Structure formats: C-alpha cells, structure tokens
Amino acid sequence: MCNIWKMDHSNEADASEFSTFMQNDLFKEVESVGINGGEVSLIPNLVDYVEEILKLPSIKHLNVISNGFRKNVLLDSASEIYKHCQEKGVSFHIAISLDGVEQVHDDVRGVKNAFTKATSTIDEIIKNQHLYCDSYDIGCTVISQNIDYLIQLDSYAKEKKYNIKYRLGIENLRIESNKLVEQFSVVFNDERQAAMEFFHYKYSETKLSDLKVKFKYFSIFYWLKETTPRRLLGCHWKDEGVTLDSRGELYYCAVKSKSIGSLRAQSGEDIFFKPENITYRSSLVKESCDSCIHDYHGKPALKDLIVFFKSLFMDRLAMKLYKLKLGFMK
Ligand code: SF4
C-alpha cells in the first residue's frame with residue numbers, strides 16, 4: 001500500500017551526518033520520536049542512529065514500526081536499543097504490522113510466509129518482552145484487501161492475546177501511498193460501509209478504561225459516517241510536531257506536507273519558522289487537517305470531545321431503554 005520500496009534511496013544521511021541533524025536547536029524540546037520506514041530492520045546500524053536520538057536533551061519516548069519479517073535482525077537491534085533506552089530513562093515501544101490471518105497477510109504484504117514471519121516475531125516479543133521493549137502493539141491497516149477478513153483477524157488476535165490496533169489506510173505523501181489510493185482505499189467505494197461497521201464495533205467493545213483508543217475508533221467511525229468527513233482526533237503534528245526524512249528534509253507532517261527545507265542547507269528553526277513556511281503551515285492546517293483521518297494522537301478540541309461523550313451517553317441510554325423495554329415484554 002505504499003511506494004517507499006520503489007523510491008530513490010540515494011544520498012541518505014549516515015549516522016555521523018544524522019548526529020549533526022539531531023544537534024539542531026529545533027529538536028531540543030522533542031520528547032517523543034517515532035522511527036518509521038520503509039522497514040527499520042533493513043538499516044544494519046540502526047542502533048547508531050538511535051544513539052544520536054537518545055542524546056536529545058528532552059527525549060522521553062522512542063518507538064519503531066516494523067513488518068517483523070527479519071526477526072533476528074530486528075530483535076538484536078531492539079534488545080540493544082532497549083538497553084540504551086533504559087540507561088537514559090526513555091520508554092521504548094515496538095509496533096509490528098499484521099494485516100490479516102495466514103494468506104490474507106501474505107497477500108497484503110505481497111510476501112510468501114509474511115504471516116508466519118510476523119507472528120513469530122510478535123510471539124517472541126510477547127514471550128520475552130523484558131528483553132526488547134517497555135510496550136508493544138500490533139498494527140493493522142484497514143484496506144480493500146483485508147476489509148472482509150477483519151473479524152477473523154480480531155478473533156485470532158484475541159485468542160493469542162495480541163494487543164492489536166486498527167487504523168484506516170489513507171493517502172500519505174511521505175510514502176507515496178497517495179499514488180496507489182485506488183488500489184487499496186476503502187474510503188471511496190462500497191467498502192466504506194463495512195469499514196464504518198468494523199470501527200463502530202471496535203469503538204463499542206473497547207472498554208472505558210482504554211478511553212484514548214475508544215475515542216480513536218469512534219473518531220474513525222464518525223469520519224467515515226459523515227458526508228463531509230471531519231476530524232475529531234487531535235494531532236501533535238498539527239500543533240508542534242515535525243517530520244524529518246533520511247536526507248535531512250523537514251515536513252510539517254508526513255501525511256500532507258511538502259518538504260519545507262533541508263537541514264543540509266539551513267538550521268531547523270530557520271526552516272520551520274520561515275515566514276513563507278509559516279503561511280504554508282497555516283494553509284495546510286486550514287485546508288487539510290479537518291478532513292484528515294490519519295490516526296496520529298494529540299490534544300483534541302473540547303467541542304470534538306463533546307461529540308464523543310454525547311454519543312457515548314446516547315448509546316448507553318439507548319441500551320438501557322432497550323433492556324427496560326425487554327423487561328416489560330417478559
Ligand atoms: S491532522 Fe493530518 S494533515 Fe493535519 S498535521 Fe496531522 S497528520 Fe498532518
């Protein structure tokens with residue numbers, strides 16, 4: 001569902017140049033870093049890059065996403081990274097992608113035995129989590145190719161006690177999935193109804209104790225349901241985040257932003273706060289954020305939380321009335 005594997009990877013920063021990127025003042029208050037691919041286990045010296053990230057003065061959280069195909073390579077790096085994180089008091093989270101059971105996952109990934117490889121990695125992380133990370137989850141992207149098999153995956157995950165999270169496959173400029181949208185998106189065809197029902201099911205069954213996740217599923221359901229889709233979720237990138245690519249280019253976000261400049265040419269602060277970039281940033285927020293359903297988290301607006309809690313209250317009330325009615329019918 002993306003083109004990253006076909007994109008030009010020449011001239012990427014080595015660990016020493018990456019170190020100079022990390023020394024930029026723009027990053028001095030960064031508390032949380034996500035390393036996304038492509039595939040992190042394809043970087044032989046991933047730990048060298050992580051060491052530079054861990055030098056950030058305010059860093060508190062680090063997370064990586066992997067397809068889990070290269071179990072030994074990934075977990076060797078993870079155990080080393082986890083040791084470094086523990087020394088620095090930084091929490092380390094690993095997410096492994098799983099888009100279906102058996103053949104469904106193989107088909108989505110276009111790789112033979114992808115399911116066996118990914119689940120073998122997941123099982124090892126669960127078995128020996130103390131060696132690899134503070135927390136983990138399994139990420140499923142909902143697309144045309146797995147929309148009819150999500151209940152099967154959800155049942156499988158429950159049976160295996162996998163902490164699985166679902167997100168909607170969307171257009172993302174950084175990985176050029178916007179060029180493939182007709183191949184995978186459930187948003188523009190009849191599958192939208194099935195996706196809406198699935199996210200409503202996940203919203204309904206997620207416990208109140210997991211309020212953040214419940215809100216996320218409700219927000220995706222709500223977005224799919226509306227004729228003019230509207231975002232309820234907050235987004236750190238909209239408020240204060242930044243995306244850095246492997247050549248030092250900066251973006252206000254990975255999903256919709258164009259490159260705003262390169263750390264090879266200018267300082268991060270000069271790029272981020274350049275007046276014409278700030279104007280571009282405002283137009284991005286105005287034109288794109290309200291209709292974006294990337295599942296980034298952030299502080300939601302009070303009016304959007306009210307939509308969520310109102311629906312929660314009405315659903316509960318409807319169920320109570322229904323049960324009351326049943327009682328009278330007995
Ligand atoms: S809401 Fe979407 S478009 Fe806006 S900053 Fe966040 S990810 Fe980017």
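Ground rules before we start. Numbering runs from 1 along each chain as its sequence is written, and side-chain values use heavy atoms, without hydrogens or water. Because the model is predicted, local features need pLDDT of at least 70 and side-chain atom pairs count only at pLDDT 80 or more, while totals for chains, interfaces and linings use all residues.

Overall picture. The protein has 14 helices and eight strands. Those are DSSP runs, H or I of at least four residues for helices and E of at least two for strands, numbered from the N terminus. The radius of gyration is 21 Å, close to the 20 Å from the globule rule for 330 residues, so the protein is as compact as a globular protein of that length. That radius is taken over C-alpha atoms, and the rule is 2.2 Å times the number of residues to the power 0.38. Along the principal axes, the C-alpha atoms fill a box of roughly 75 × 45 × 40 Å.

Burial next. Of the 330 residues, 47% are buried. Buried means under 20% relative accessible area, exposed means over 50%, and partly exposed is in between, with a 1.4 Å probe and protein chains only. Now contacts, meaning heavy atoms within 4.5 Å. Take the contacts between residues at least 6 apart in sequence: 72% of them join residues at least 24 apart.

Now the sheet. Five strands make an open sheet, ordered S1-S2-S3-S4-S5, with parallel pairing. Strands S1 (32-35) and S5 (164-168) stand at the edges with a single partner strand each, so one side of each has no neighbour in the sheet. Neighbouring strands are turned by 25° against each other on average, direction ignored. Axes here are lines fitted to C-alpha atoms, for helices over the stretch in contact, and angles run from 0 to 180 degrees between N-to-C directions.

Zoom in on one pair. S3 (residues 91-97) and S4 (residues 135-142) pair in the parallel sense over five bridges. A pair needs at least two bridges found by DSSP. One of the bridges joins Ala95 to Asp137 in S4.

What lies across S4 and S5? Helix H7 (residues 150-159) does, running at about 155° to S5. In the loop between H7 and S5 sits Lys161. Lys161 is not a glycine, yet has a positive phi of about 60°. Its relative accessibility is 68%, so Lys161 counts as exposed.

Last stop, a helix pair. H10 (residues 211-225) packs on H14 (residues 302-329) at about 95°, with the axes 11 Å apart. That makes H10 roughly perpendicular to H14. The cut-offs: under 35 degrees is roughly parallel, over 145 roughly antiparallel, 65 to 115 roughly perpendicular, and the rest oblique. On the H10 side, the contact includes Phe215, Phe218 and Tyr222; on the H14 side, it includes Leu305, Phe308 and Leu312. By class, the contact has nine nonpolar, one polar and two charged residues. Nonpolar covers Ala, Val, Leu, Ile, Met, Phe, Trp, Tyr, Cys and Pro; charged covers Asp, Glu, Lys and Arg; the others, Gly among them, are polar.

Is Phe308 buried or exposed? Phe308 counts as buried, because its relative accessibility is 1%. Leaving out residues up to four places away in sequence, Phe308 touches Tyr203, Leu211, Lys214, Phe215 and Phe218.
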